[in-house]
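Hello,

Here is the structure I promised to pass on to you. Have a look at it first, and then read on for what turned up when I went through it.

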Amino acid sequence: MKRVTMNAVVDQNLCIGCKICEKVCPVYAIQVTNRKAFSDDQKCVACANCADRCPQHAIKMVERAEIRELGVDVSKFDPKEIRALCEKAHLNPEQILCYCTGTRAEEVAACLLGGATTPEEVSAQTGIRTACTIECIQPLLRLVQAAGNELHPDPNGWRWYGVTTTAWEIPQEVKDKYNSRGFYFDEDRELLDRVVKVGADKQ
Ligand code: SF4
Ligand code: SF4
């Protein structure tokens, strides 16, 4: 859940239409038309990514007239389906994926069960990845993929890159190479698998 109290406002006199803001926005809330950026305050989730990166300092974050609340009501979804989807992505439903907004895996799973199909849609509905926009992208991508959606990374690599290798996909030859150097891949994976199952017996 996230309360959106600010939104991005562009000073058209300073904007040079470079499109950096458009490329870094996690929810497609800002777009450049005729070499000028325009932000949509109905979509902006106040991450300030655009304002931080604008080379012209043309974007300011200002207080919203009306606060927006983002969030998906997990209680409207079958907990067994939520858990099954989270486990498919090797996540525990109660695990916090986004420490900036406190968004848990179960809320992302509920959003996907409710019809979201892209990381951007999930961000717009739940608020995940709308602050630092970096730390939670990988578990978010894993859940989007586990729900049966294809991922289409931004070809320019601005918004997000592809999925990184997880403990469940490391090839045996890589494990063999590094096991003798103090890495414990299989033991790590066993521990992570146990974390995923915590609370499963209550359902
Ligand atoms: S990053 Fe700044 S200068 Fe570039 S298009 Fe956006 S508002 Fe304009
Ligand atoms: S503040 Fe974040 S969500 Fe709002 S327009 Fe800028 S990049 Fe997009």
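Into which domains is the protein divided? There are two entries to remember: domain 1 covers 2-70, and domain 2 covers 74-200. Please keep in mind as you read that this is a predicted model. The C-alpha centres of domain 1 and domain 2 are 27 Å apart. Where they touch, 11 residues of domain 1 are in contact with 14 residues of domain 2. The side of domain 1 that touches domain 2 is made up of seven nonpolar residues, one polar and three charged.

Now the overall picture. The protein has 203 residues, of which 34% count as buried. Its C-alpha atoms fill a box of roughly 60 × 45 × 25 Å along the principal axes. You will find eight helices and six strands, and from the N terminus on they follow the order β-α-β-β-α-β-α-β-β-α-α-α-α-α. If you take the contacts with a separation of 6 or more, 63% of them join residues 24 or more positions apart.

Next, the two ligands. Around ligand 1 there are 14 residues, and Cys15, Cys18, Cys21, Ala37 and Cys54 are the closest. That shell consists of 11 nonpolar residues, two polar and one charged. Ligand 2 is surrounded by 14 residues, with Cys25, Ile30, Cys44, Cys47 and Cys50 the closest. Its shell has 12 nonpolar residues, two polar and no charged.

The crossing of H4 with H6 is right-handed. On the H4 side, the contact is made by Ala105, Val108, Ala109 and Leu112, while H6 brings Pro139, Leu140, Leu143 and Val144. The residues of this contact come out as eight nonpolar, with no polar and no charged.

Helix H5 (residues 119-126) is worth a visit too. Is H5 mostly covered or mostly uncovered? Mostly covered, as six of its eight residues are buried. The buried ones are Pro119, Val122, Ser123, Ala124, Gln125 and Thr126. Among the elements that cover them are strand E4 (59-70), strand E6 (103-104), H4 and H6. Just after H5 comes Gly127, with a positive phi of about 95°.

Arg35 is not a glycine, yet it has a positive phi of about 65°. You will find Arg35 in the loop between strand E2 (30-33) and strand E3 (36-39). Thr133 is not a glycine either, and it has a positive phi of about 65°. Thr133 sits in the loop between H5 and H6.

Which of these two residues is buried, and which is exposed? Arg35 has 11 other C-beta atoms within 10 Å, so it is exposed, since the cut-off for exposed is 12 or fewer. Thr133 counts as buried because it has 23 C-beta neighbours inside 10 Å, where 20 or more are needed.

Enjoy exploring the model, and do write back with any questions.

Best wishes

Notes. Residues are numbered from 1 along each chain as its sequence is written. Chains are lettered from A and ligands numbered from 1 in the order in which they are written. This is a predicted model: local features need pLDDT of at least 70, side-chain atom pairs count only at pLDDT 80 or more; totals for chains, interfaces and linings use all residues. A residue is near a molecule or strand if its C-beta atom, placed from the backbone, lies within 6 Å of it. Ala, Val, Leu, Ile, Met, Phe, Trp, Tyr, Cys and Pro count as nonpolar, Asp, Glu, Lys and Arg as charged, and the others, Gly among them, as polar. A crossing is left-handed if the near helix is turned anticlockwise from the far one by less than a right angle, and right-handed if clockwise. Helices (H or I, at least four residues) and strands (E, at least two) are DSSP runs, numbered from the N terminus. Two residues are in contact if their C-beta atoms, placed from the backbone, lie within 7 Å. Domain bounds come from an automatic or database domain assignment.
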